[in-house]
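Welcome to this structure. Here are a few friendly notes on its pockets, to read with the view open beside you.

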Amino acid sequence: MRVRVTFGRRLAAYLIDRACAGLLAASFAGCCLVPLANLEAGTAAFDAAVERAAVAAVGIWGLVHMAYFSLFTGFSGQTPGKLLLGLAVVAPDGGPPGLARALLREVAGRILASLPLGLGYFWALGGGAGWHDMLAKTHVVSVERKM
Amino acid sequence: MEYAGFGRRLGAALLDALIIGMATGFLQLLAPDSSAVYALGTLGSVLYYVLFVGLRGQTPGKMALGVKVLGPDGGPPGAVRAFVREVIGKFFSALVLCLGYLWMLWDPKRQCWHDKLAGTVVVRAEAVPSGQDASARAPVL
């Protein structure tokens with residue numbers, strides 16, 4: 001069964017993806033806490049280790065999110081959230097966007113779209129493209145859900 | 001096509017857990033209390049399940065026990081669907097006292113919750129090549 005591409009459906013897919021990528025990122029970022037186990041709290045060495053762990057955790061958190069969105073979108077056009085909601089991202093030729101276009105959409109495009117309080121996302125409220133779609137020349141289409 | 005039974009699927013899951021457990025345990029022997037080793041173990045486990053199931057429909061444990069995961073079109077499910085099954089789906093299956101895992105016991109298509117979410121079924125596959133097949137493939141001297 002095909003569905004209509006609506007803002008709500010896209011938002012639902014995005015929230016599922018953010019939850020998944022967040023859990024995945026947390027399980028990797030959590031590994032940064034391992035070296036703290038052998039240090040005594042309150043010491044200077046502990047504080048320095050906490051600072052290093054925090055920087056590493058933020059970096060890993062960002063990298064996992066970028067990898068999640070760019071790899072899934074680039075190679076198949078569907079993130080897990082879009083698969084569940086029956087949506088897909090396509091390049092101008094109708095196929096999967098490929099890694100370069102996906103990086104443009106998922107990293108540069110999403111930063112651009114979210115900067116003015118998410119205005120670039122709300123651009124898609126009428127059922128059209130968001131700024132990240134415009135930048136990467138991609139479209140979101142509905143596909144057979146096949147569940 | 002015959003759906004795979006509970007014992008066979010449980011056996012395959014235990015075998016996979018053993019493989020993953022031994023590999024990550026070995027890594028931790030090499031470098032105890034290292035962040036990188038924990039992260040590598042997590043990454044390795046996710047890739048093991050998602051890539052084996054997604055691209056082949058079978059993890060090594062499933063190959064040994066002769067079971068196979070199929071997507072809605074009868075082929076391997078693909079990496080996205082495998083991620084939905086292995087990471088998101090199994091999280092929910094385990095959430096309520098593993099009720100989602102037991103669901104296949106009374107489900108007509110033998111689907112667990114993670115199968116239903118990802119649109120997959122698990123069927124019997126030939127476990128190891130039979131003697132006849134193996135001899136047919138042996139080089140002729």
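1. A word on classes before we start: Ala, Val, Leu, Ile, Met, Phe, Trp, Tyr, Cys and Pro count as nonpolar, Asp, Glu, Lys and Arg as charged, and the others, Gly among them, as polar. By that scheme, the lining of the largest pocket holds 22 nonpolar, two polar and six charged residues.

2. This is a predicted model, in which totals for linings use all residues. Residues are numbered from 1 along each chain as its sequence is written.

3. A pocket is an open set of points on a 1 Å grid over the protein atoms alone, where a 1.4 Å probe fits, with protein on both sides within 12 Å along at least five of seven lines; lining residues have an atom within 4 Å of a point. The largest pocket has 30 lining residues, and nearest its centre are Arg85(B), Glu86(B), Lys90(B), Phe91(B) and Tyr101(B).

4. Which helix gives the most to the lining of the largest pocket? Look at α4(B), with seven residues. Helices here are DSSP runs (H or I, at least four residues), numbered from the N terminus. Among the others supplying at least two residues each are α1 (7–29) of chain A and α2 (35–56) of chain B.

5. Now for the second largest pocket, where 21 residues form the lining. Ala67(A), Tyr68(A), Leu71(A), Phe72(A) and Leu47(B) lie nearest its centre. The largest share of this lining, nine residues, belongs to α2(A). Its classes are 20 nonpolar, one polar and no charged residues.

Terms used
Chains lettered and ligands numbered in written order. Predicted model: local features only at pLDDT ≥ 70, side-chain atom pairs only at ≥ 80, totals over all residues. Heavy atoms only, no water.
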